Structure formats: C-alpha cells, structure tokens
Amino acid sequence: MRMRAVMRMAGRLARRPVVWVGAIFLALTFGMGGLAPHLGFLFRAGTRLVYTRASFPELVASHALLTGAASLIAIAIGLAAALFATRPAGRAYAATLDRLGALAQTFPPVAVLALAVPSLGYGALPTGFALVLYGVLPVMGAGMAGLRSVPAAVLEAADGTGFSPGTRLWRIELPLAAPILLAGVRTSVTIGIGTATIGSTVGALTLGSPIIDGLSGDNPAFVLQGTVLVALFAVTVDLAIGEAQRALPQRPN
C-alpha cells in the first residue's frame with residue numbers, strides 16, 4: 001500500500017510542468033558541455049561548440065545568486081513601500097510612489113548599468129542595482145493592490161475584536177493579500193532572471209556571458225546555449241512560484 005501511494009504521488013508530480021521543465025533545465029545545466037559537441041550539424045563548419053570561459057553549473061549558480069539577492073532586496077523595498085502607502089500616514093504618498101516606480105521602469109537596463117558603473121565599478125554590483133530598480137515596481141504595485149483588496153468588513157471585524165494594527169496586518173491583511181502579492185513577486189523575479197543577462201556587458205558572470213561572447217565573436221552556438229538555459233531557468237522559477245500561489249488558501253468570496 002505504501003509503495004502504491006508513493007507511485008501515485010510520483011505520478012502526480014511527474015504531471016506537473018515545473019517538475020519536468022526543472023528536470024530539463026538541470027539536465028542541460030550539467031550536461032550541456034557533453035551535449036554541445038554533438039550539435040555541430042546545426043552550425044557552420046569551424047564553429048566552437050563548447051563554451052569554456054566558465055562551466056554551465058558555475059554560470060547558473062552565479063546567475064541565481066545575483067538574481068536571488070537582487071530579488072530579495074527588491075521584494076523587501078517593494079513590500080515596505082506598499083505597506084507605507086496603505087497605512088493612514090502614507091496614503092497621501094501612494095500616487096507619488098506609483099509615479100516614482102513607473103519612472104524607474106522607463107530607464108533602459110543598459111542605460112542604468114552605464115550610469116552605475118562609474119560609481120559602483122564593473123561586475124555584479126551595478127547589475128544588482130539595475131535588477132533591484134526594475135524589480136521593486138511589480139512587488140510594490142501588487143502589494144498595494146493586494147492590501148487594498150482586503151474587504152473593509154473584515155478589517156472592521158478585526159478592529160472590533162481588539163486586534164492591534166500590527167496584529168491585524170500580520171494575521172489578517174497579509175494572508176489575504178498574499179495571492180496578489182505573490183503574483184507581483186513572480187513577475188519581479190522572472191523579469192530579473194531575464195534582465196540579469198545584460199550584466200555580462202559590464203563584467204558580471206551570468207548566463208548572459210555565453211550570449212554576449214557569442215554575439216561579439218559571431219558564434220551562434222554560444223548564443224543558443226545561453227538563451228536556452230536562461231529561458232528554462234525563468235520558466236522553472238515562474239512555474240515554481242505559480243505552484244506556491246496555488247498552495248495558498250483561497251480567499252473567500
């Protein structure tokens with residue numbers, strides 16, 4: 001019986017896209033170096049087929065560390081801004097925060113990097129700065145929308161039972177706003193994974209490194225390898241956060 005239950009659970013997991021997309025991503029991360037030499041028929045003769053500046057597991061780890069750190073900072077700033085804008089003391093500043101967030105999105109990532117390099121130097125730091133700048137707005141917007149969507153009757157009931165503002169926020173507002181907030185986090189992180197590739201133009205080691213090197217060296221094999229891994233990385237993370245969204249308790253209508 002236990003084995004049958006395990007088999008049923010394995011079957012259910014195998015039907016989830018996040019599992020098989022993630023499995024393909026991991027397989028290519030660790031197997032790209034062995035697979036690439038067999039794909040010579042896709043490219044012109046003489047094309048270097050294996051990217052050797054760094055291993056693909058190293059590229060993925062560096063890319064994940066950079067985007068993960070920037071995403072955590074962006075989430076913290078975005079959530080803090082959303083909380084401030086939906087409290088009585090900050091409601092007057094909500095429109096200003098919206099405009100500032102939208103303004104930050106109008107700057108091209110390459111321009112942000114070019115402006116950041118003189119003061120922050122080359123490498124991961126200016127890239128992380130650009131990722132944080134781009135990642136704040138989706139979290140802030142979703143956080144404000146989620147907190148504002150909590151029914152007034154629920155808030156009044158919490159106040160009537162003697163909840164302090166902090167307790168009401170932690171036990172009532174944030175849990176009810178979580179599905180919308182997580183949608184903003186999902187967007188922010190996915191954008192960050194794709195945008196991080198441009199960091200390789202200023203010396204950051206990311207999955208954009210083979211893409212940039214391939215473009216500058218007229219090597220489509222490197223471009224394809226980096227592009228496929230970035231796409232699979234973004235889709236895997238997007239699906240994983242989607243699974244977390246579905247696992248949240250559903251809000252009552």
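Reader: Which way does H5 pass H6, in a left-handed or a right-handed crossing?
Author: H5 passes H6 in a right-handed crossing. A crossing is left-handed if the near helix is turned anticlockwise from the far one by less than a right angle, and right-handed if clockwise. Helices here are DSSP runs (H or I, at least four residues; strands are E, at least two), numbered from the N terminus.

Reader: Before more, what sort of model is this?
Author: A predicted model: local features need pLDDT of at least 70, side-chain atom pairs count only at pLDDT 80 or more, and totals for chains, interfaces and linings use all residues. Residues are numbered from 1 along each chain as its sequence is written, and side-chain values use heavy atoms, with hydrogens and water left out.

Reader: Back to H5 and H6. At what angle do the axes cross?
Author: Roughly 135°, and the axes come within 8 Å. Axes are lines fitted to C-alpha atoms, for helices over the stretch in contact, and angles run from 0 to 180 degrees between N-to-C directions. H5 and H6 are therefore oblique to each other. Under 35 degrees counts as roughly parallel, over 145 as roughly antiparallel, 65 to 115 as roughly perpendicular and the rest as oblique.

Reader: What about H3 and H8?
Author: They pack at about 140°, axes 10 Å apart. H3 and H8 are therefore oblique too. H3 passes H8 in a right-handed crossing.

Reader: New topic. How many cavities of 30 Å³ or more are there?
Author: One, in a search of the whole structure. The largest cavity holds about 60 Å³ of space. On a 1 Å grid over the protein atoms alone, a cavity is a set of points where a 1.4 Å probe fits but cannot get out; a pocket is an open set with protein on both sides within 12 Å along at least five of seven lines; lining residues have an atom within 4 Å of a point. Grid points are joined across faces, edges and corners, and a volume is the space filled by probe spheres set on the points.

Reader: Which helices line that cavity?
Author: H3, H6 and H8 each supply at least two residues of the lining. Among the lining residues are Thr 67, Tyr 134 and Ser 188.

Reader: And the largest pocket, what volume?
Author: About 240 Å³. Of its 15 lining residues, the closest to the centre are Thr 86, Arg 87, Arg 91, Leu 155 and Glu 173.

Reader: Which helix gives the largest share of that lining?
Author: H8, with three residues.
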